[in-house]
Amino acid sequence: MKFLKFTLYIFLPLLVLNSCRDYVEVEPVGNNRILKYTSDYRGLANNYSTMGSFGGVHLLASADVEFPTTYQNSVSTIWSNSYTWQETIYNPSQGDADWNGLYLCIYYSNVIIDGVMSSQGGTDAEKKEIYAEAFVHRAFAYLQLVNVYGPQFDPASDNSAKAVPLLIKPDLFSSLDRSTVGQIYDQILSDLQSALVSDIQDTPSFNVLPSKRAVYALLARTYLYMGNYQLSLDNAQKALAMQNGLIDLKTFATANSYPVLIQNPEIIFSKSILNTYSGAPLSTELLNSFETNDLRYNYYTIAGTSFSPAYTGRGFGIGRYSPTTGMNIGVSVPEMYLISAECYARLGDTQKAVDNLNILRAKRYKAGTTYQLSAATSKEALNLALVERQKELIGRGFRWFDQRRLNLDPAFQKTYTRIFKTVTYTLAPNSDGYVFPINQNYIDLNPELGK
């Protein structure tokens, strides 16, 4: 509990950095602080630095990343420990920025859910809109947390393994007992349904704000991670019915033509990981999977000399075009096509699986070149969909989540090995290395986290 209090007392004064008012009027009530006006809650909900930008250390553990030999002496201990799947990531003097950021987002969401409907100075419609948005932010944060710090959801088990604390009230003094994987997923689904029941808006002013299409898209992602392919497909199709525009890379004059997050027509709901992770060197295997005419190689990757420290190879490109371009980990139109393709394949509809892949690929290849895929079987279509996922969702941490869920299928299980400073490290299917450890500092302050 001490860790929770420490984190929130640091950030609580920053509750509404983006409020349309000059400051936030708060009234002390015991150990809590109460926001007063609806505009205060809107400012809190619009604080993108807290609600929309998180860490991403799991990217370093994924098969997307490969540290060149000369690069290995330049990385921090956090990076090297994550890269080699260590039982301890942080030393006693360090905090876990990913954990802190996600739980701060959850705390802000809880504050909104608990208080906005009784706030002053706003219409019922304004209050309800903010209320609905908070459920989506909380669901997104828990989906990240459970897939970084908890075991993989298994549709064939009771999912009773411990994951992370489930905090749904804005209390500064809360038990940090860990809930199970199943309980966390139940809460994610409940939150997303609550947003729908609360009539969340269809078309927000900016893609950083939650929307009905974002709820459907997050349900599609959640059900995919749960192995419920029919419900994942159903929700992906609902999201695409509301937003299906794709960027045509052939129309760009240069890589710098790539739109910033807030203007990107492909993004349904913008969330990003810290830009520092864009410097992670991409694996040779991943880079070699791009065909010669695939424009994504030039637009999604960039020479390693663009980063500091520099390296031979390539890193994630999009975040380098502009400080506001960002590395989107929120839901997007391409992801919905990829989810649809995978689910159609798993459900036995080979042609629809391939069709969804080709819709996406038509916007990713050089003019006048062949981009169409074909498959004779649903198994072949599934393999094509998974490869396409790796290329389209490159360098953002999705690969780590895919590795975790694919481990449940013997046909996709794989043992990964890495050599770091002459030592060989191995990640076996379903090993403990697929679950990031909770920072020992936090367990020392809150022993229940270690149980």
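The crossing of H5 and H6 is left-handed, a term used when the near helix is turned anticlockwise from the far one by less than a right angle. Helices here are DSSP runs (H or I) of at least four residues, numbered from the N terminus. The model is predicted, so local features need pLDDT of at least 70 and side-chain atom pairs count only at pLDDT 80 or more, while totals for chains, interfaces and linings use all residues. Residues are numbered from 1 along each chain as its sequence is written, and side-chain values use heavy atoms, without hydrogens and water.

Two helix pairs are set out below. Axes are lines fitted to C-alpha atoms over the stretch in contact, and angles run from 0 to 180 degrees between N-to-C directions.

| Pair | Angle | Axis separation |
|---|---|---|
| H5 (residues 97-115) and H6 (residues 124-149) | about 155° | 9 Å |
| H13 (residues 350-361) and H14 (residues 378-392) | about 25° | 9 Å |

The angle of about 155° between H5 and H6 makes H5 roughly antiparallel to H6 (over 145 degrees). Contact means heavy atoms within 4.5 Å. On the H5 side the contact includes Trp 99, Tyr 103 and Ile 106, and on the H6 side it includes Ala 134, Tyr 142 and Leu 145. By class, this contact has 15 nonpolar, 4 polar and 2 charged residues. Ala, Val, Leu, Ile, Met, Phe, Trp, Tyr, Cys and Pro count as nonpolar, Asp, Glu, Lys and Arg as charged, and the others, Gly among them, as polar.

The largest nonpolar core has 137 residues. Such a core is a set of buried Ala, Val, Leu, Ile, Met, Phe, Trp, Tyr and Cys residues joined through side-chain atoms within 4.5 Å, where buried means under 20% relative accessible area with a 1.4 Å probe and protein chains only. Its largest share, 14 residues, comes from H6. Among the residues with the most contacts inside the core are Trp 99, Tyr 142 and Leu 145. Not counting residues up to four places away in sequence, Tyr 142 touches residues including Tyr 103, Ile 106, Val 164 and Ile 188.

With an angle of about 25°, H13 is roughly parallel to H14 (under 35 degrees). This crossing is also left-handed. Among the residues that meet are Leu 357 and Leu 360 in H13 and Leu 384 and Glu 392 in H14.

Glu 392 of H14 is buried, with a relative accessible area of 2%. Beyond four places in sequence, Glu 392 touches Arg 296, Tyr 300, Pro 334, Leu 338, Leu 360 and Arg 364. The C-alpha atoms of Glu 392 and Leu 338 are separated by 8.8 Å.

Technical notes:
Helix = DSSP H or I, 4+ residues; strand = E, 2+ residues; numbered from the N terminus. Parallel < 35°, antiparallel > 145°, perpendicular 65-115°, else oblique. Buried < 20%, exposed > 50% of the residue type's maximum accessible area, 1.4 Å probe, protein only.
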